[in-house]
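Hello,

Here is the structure I promised to pass on to you. Have a look at it first, and then read my notes below.

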Amino acid sequence: MDRPDRDQEASSSSSPFNFSSPSMQNQIHELAKTLPPPRKQNTACDACRARKVKCNQLPGQDKHCLSKNYPCTHYIQQATTEKKRNAAAAKRPRTLSASSPSGPAEHMATSGHSGTAHAFQSFGSHFPQQGPVPSAHPITIDTQTRDLLAYIFSPPDPSSGSAQTNGSAHVRMGTNPSPPAYAEWGALAHRLSEDSFRIEFALDLVEVFFQIVHSRLPLLNPAQFRNRLHLSLSSTGPQNGNMSPSTPVAQQQRTRNSSSPLGGQSAQHQPQRPLHPALVATVIAWGAKFSEHPLFVADRHRNGGQSAFAKVLINRARDLAEDMKVHRIPNADHVVIALLIEPLQSRFHGFWLGSAIRLLLDLQINHKSVMSNIHDPEARGTMIFAWWMACLADAYRSVYYRRKPMLDDDDYDIDFYTVGPVPPDIIETSPATQPSPREQLEGYYKAAHALARIARQMSRQLWRPATESDGIPADVLMGFMTMLNEWRDEHLSHVGVPPTFPADWDFVSAVTACASDATYHIMWIILCNALDDFGIRELNDGTRAGTPEAMLPQHPQIEEKKRKVMSEALHGALRIAGLAGVLTTNGYLRLDCAVMHVSCIQAGMLLARLGRPEVTNCINGLEQYSYAYEECADQAAEIKRIFQQAQAGEMEWNHMASVAPRLGTSTDSAVGGANAMSVDFGTF
């Protein structure tokens, strides 16, 4: 369970000198003028030195390295001679050296979340064969997709000594890499040196993305993406309309395309533009995360269940996006890329989600008047969906990881209905007795947004220094309980898990309902944990004044509220454990892109602290998650350790000790009722 970092400030020792006196300040000023200028010491770590950003200069603690999952090393600083420094520079992983020199990348009228995923044939053998890879150059917006694949699938850097590093910063020079260079990725990896195999392999990973990830993150139009990828792979000339990237015409076109989210003109009149290199790399990296291609199967077998090759592809996609200034230049492509990279990484960092929100605000997507001026319905739908995805993720992230949200209720005036009407043919084909697709979608987002607003309020009230030091005010606690109960009565029966799963439910329907259900119940677990950590302010004030809690007049009412929160939290944890058991049994968590894993962690921690045997479902679910997110295996091991401590009677509670169920006592009646978990496993 994540806890916020608490910065501890060391108090400065008092000084016998009076530095505030005018005479002393004059002496210091005159002395300073006689001193030679200090020699600037560059103690930045290797990653910050390469990226030319400010470094904390603390080994292993640099914020930039931690936020982007870079190794924080100081090889160059430790080297004392120029010869040693040059050798150390070759030892560290390098990123791409530059982005496009022409400034902002082209805006792409990206697709909405609608679209039909058509089967896509393998075209590797039908593309014109490419000769030797051209001389080294940085990846830019004008780089051909075939050259991009040569970089993405280039062998690991032999100087790094690890197959999990990012590899060379540039496309390989001269000829295609030799097969022995791929030895670290297994016996089948040598085929990546073949241009035709790289194309077929990339198309296979794209299909994995649309089959698994797109169902949870529908930010792309499958048919449009496939067509544009096919077109770019078929072309052997420059990416942008057969123009040289350095010609004035090409530069003017890029400037014109970067002036609006749609690229300066209506999408209906735009030529079929090439895909953004970072978007292609990100989609391929997602496919590698879940692919069952023999190359990845052999790589996982060699590395204890984890694919070193997939990690390299993820690192290269992230580095490519950063070096192309995706997080800085506002356009539609960059919003989609940032939203896809955040859940792609192991462990949550928030950098790319925050970048996506800033890009959306720079594009003024939060204004209804701006959205109404986007005439292309597909581009408008993509931006609306991206906004709501970022808005919901920001709210839930803040309450999960004890951080302040970036957005507030008054930061936007748009709603999901701005996407546009549902086509008449869809409405006509919908049964009259069933809600239309439009009504179902609106109902889901209305419920999700309402719960996100509650999460946002909880974050702003709970995760602040005053609450940590004084406790949670009783009226604030009662307000949260009332809001959660009202949300349950209005929305849970519509978006949560029904008593029995319909026999025709597929992967998407099952995971969506389970995730919505678990997101509500995890709020009670978070509230319970906050109460245990901070307590109730009124009781804390009485204790500080020397009055026993039992003697305070409001003590019985507060204890009843604490008991209710504990009961709801335990009920929620048991329900999440039941849902995790269902999804794990069907192997769904192995293919889930980090939607349920926070719920499994929070519920597992609570059940483990209480010594409940149902924690096994959460542990098994996290172990299945570790197929794609290796840190989940560590979290499962930590939950096991806490459970063993609870079984041995070594686990203690803080402010919730008076209402925590004792090990071995029956609490089924306390957590049952109308909303208890009742799932028919046989029909799923």
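Of the 13 residues of α24, 13 are buried, so the helix is largely enclosed by the rest of the structure. Buried here means under 20% relative accessible area, exposed means over 50%, and partly exposed lies in between (1.4 Å probe, protein chains only). After α24 comes Gly-611, with a positive phi near 70°.

A word on the source: this is a predicted model, in which local features need pLDDT of at least 70 and side-chain atom pairs count only at pLDDT 80 or more, while totals for chains, interfaces and linings use all residues. Residues are numbered from 1 along each chain as its sequence is written, and side-chain values use heavy atoms, with hydrogens and water left out.

Now the chain as a whole. Its secondary structure comes to 27 helices and 0 strands, and 52% of its 684 residues are buried. Among contacts (heavy atoms within 4.5 Å) with a separation of 6 or more, 76% join residues 24 or more positions apart.

What about the inside? The largest nonpolar core has 174 residues; such a core is a set of buried Ala, Val, Leu, Ile, Met, Phe, Trp, Tyr and Cys residues joined through side-chain atoms within 4.5 Å. Helix α21 (residues 507-534) gives the most to this core, with 17 residues. Phe-153, Leu-192, Ile-284, Trp-286 and Leu-313 have the most contacts inside the core. Leaving aside residues up to four places away in sequence, Leu-313 touches Ile-152, Phe-153, Leu-205, Ile-284, Ala-285, Ala-288 and Phe-296. A second, separate core of 7 residues includes Ala-44, Ala-47, Cys-65 and Tyr-70.

On the cysteines, the structure holds 0 disulfides (pairs of cysteine sulfur atoms within 2.5 Å). Cys-45 is buried at a relative accessible area of 0%, and for Cys-528 the value is 0% as well.

Finally, Leu-231 lies in helix α8 (residues 222-234) and counts as partly exposed because its relative accessibility is 44%. Its C-alpha is 9.7 Å from that of Thr-145, 86 residues apart along the chain.

Best wishes

Technical notes: Helices (H or I, at least four residues) and strands (E, at least two) are DSSP runs, numbered from the N terminus.
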